[in-house]
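Subject: Structure handover

Hi,

Here is the structure I promised to pass on to you. Please have a look at it in your viewer, and then read on for my notes.

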Amino acid sequence: MSLLPDHTLYRISVNPSPGGHDLNILFSGEGTPVPRHKIGPLIHDYCLIHTVLTGRGVFECAGTVHHCKPGDTFIILPGVLFSYEADDKNPWHYNWVALQEKGTHMLLADMGVTPAKPIIHCPDEGELRTLSDMYLHLRQGFNQSDHPWLEDLQASGWLRLLLHKLAMLNREHLPPNTQDVPDIERGVRQTERWISTQYHQQLSIDQMAKTLGYHRAHLSKMFKQHTGLSPMQYLMKVRIEKAKSLMKSSFSIHEIASSVGFNDALYFSKQFRKWTGMTPSEFKNSLEKRE
């Protein structure tokens, strides 16, 4: 534990190897400042998230004063003027994590956090303990191994869980999302995603419809209305397009057929010719001649 003269408790862990992904942790810590301890007015070039565990304090952001209590998370956005001060009688005890600016504005906006709404409330003590545990796990791994990038990977996982929990606590302030998309459009999107990621499997329209909560006939009808293809035709199209991209490789026709969901190479050849006007071998040879 490190102590600062203006804190009765102060712990901090610095990320030894911030990664190249969108969510880069700079440092994380826990502290209890002395009464009336104040930071700011300042502007940071990174995002700083504090969650109050006990005590009270005042956070000022973009000219608005927020009185924070246990369960409140106040978020400092990059480039926004802020200050915060511990209560003179019951100073707050909080956890914090700092993130690089890259990507944080859009992410926090998606969470409903803006300079005008920088506070997320957590009224439930159990939820607050969960948040505190996430902060602890996030920072515990730093400087514990000979592979800093693994520490960063682990901490990033805990950060995502922490942000998810905060977003769920703030869900009444989240911007409009797919819940506002008409049911028919949402069903088509879900089916498209299912086929585009599971095309190599032996897909069943009945199973897809059942899993997505639609009657098979209804799913097929609305899918064709929006795409011009039935689900099975769309599946075949995806498989053929994936096969065409694999033709540039050294894989055999049989291996390509199997990779895109065809157990029968002859049936694959028949369908490939139907969709492209060439057999798989002819298509592969035409690619080789262009090189």
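Predicted model: local features only at pLDDT ≥ 70, side-chain atom pairs only at ≥ 80, totals over all residues.

The whole chain

By secondary structure, the chain holds 10 helices and 10 strands. Its C-alpha trace spans about 80 × 45 × 30 Å along the principal axes. The radius of gyration is 27 Å, whereas a compact globule of 291 residues would come in near 19 Å. Of the 291 residues, 41% are buried. The chain exposes about 16100 Å², and carbon and sulfur atoms account for 53% of that area. If you count contacts between residues at least 6 apart in sequence, 69% of them link residues at least 24 apart.

Have a look at threonine 191, which sits in helix 4 (residues 183–198). Is threonine 191 buried or exposed? Its relative accessible area is 0%, and since buried means under 20%, threonine 191 counts as buried. Leaving aside residues up to four places away in sequence, threonine 191 touches Met208, Leu212, Leu219 and Phe223.

Helix 5 against helix 6

On the helix 5 side, the contact involves Ile205, Asp206 and Ala209, which meet Arg216, Leu219 and Ser220 of helix 6. By type, the residues of this contact are 3 nonpolar, 1 polar and 2 charged. Leu219 is also one of the residues that threonine 191 touches.

Helix 7 against helix 9

Further along, helix 7 (residues 231–246) packs with helix 9 (residues 265–276) at an angle of about 95°, with the axes 10 Å apart. This makes helix 7 roughly perpendicular to helix 9. From helix 7, Gln233, Met236, Lys237, Ile240, Ala243 and Lys244 take part. Their partners in helix 9 are Tyr267, Phe268, Gln271, Phe272, Trp275 and Thr276. The residues of this contact divide into 7 nonpolar, 3 polar and 2 charged.

Best wishes

Technical notes
Residues numbered from 1 in each chain as written. Heavy atoms only, no water. Contact = heavy atoms within 4.5 Å. Helix = DSSP H or I, 4+ residues; strand = E, 2+ residues; numbered from the N terminus. Nonpolar A, V, L, I, M, F, W, Y, C, P; charged D, E, K, R; others polar. Rg over C-alpha atoms; globule rule 2.2 N^0.38 Å. Buried < 20%, exposed > 50% of the residue type's maximum accessible area, 1.4 Å probe, protein only. Areas by Shrake-Rupley, 256 points an atom, 1.4 Å probe, with all protein chains shown as cover. Axes fitted to C-alpha atoms, helices over the stretch in contact; angles between N-to-C directions. Parallel < 35°, antiparallel > 145°, perpendicular 65-115°, else oblique.
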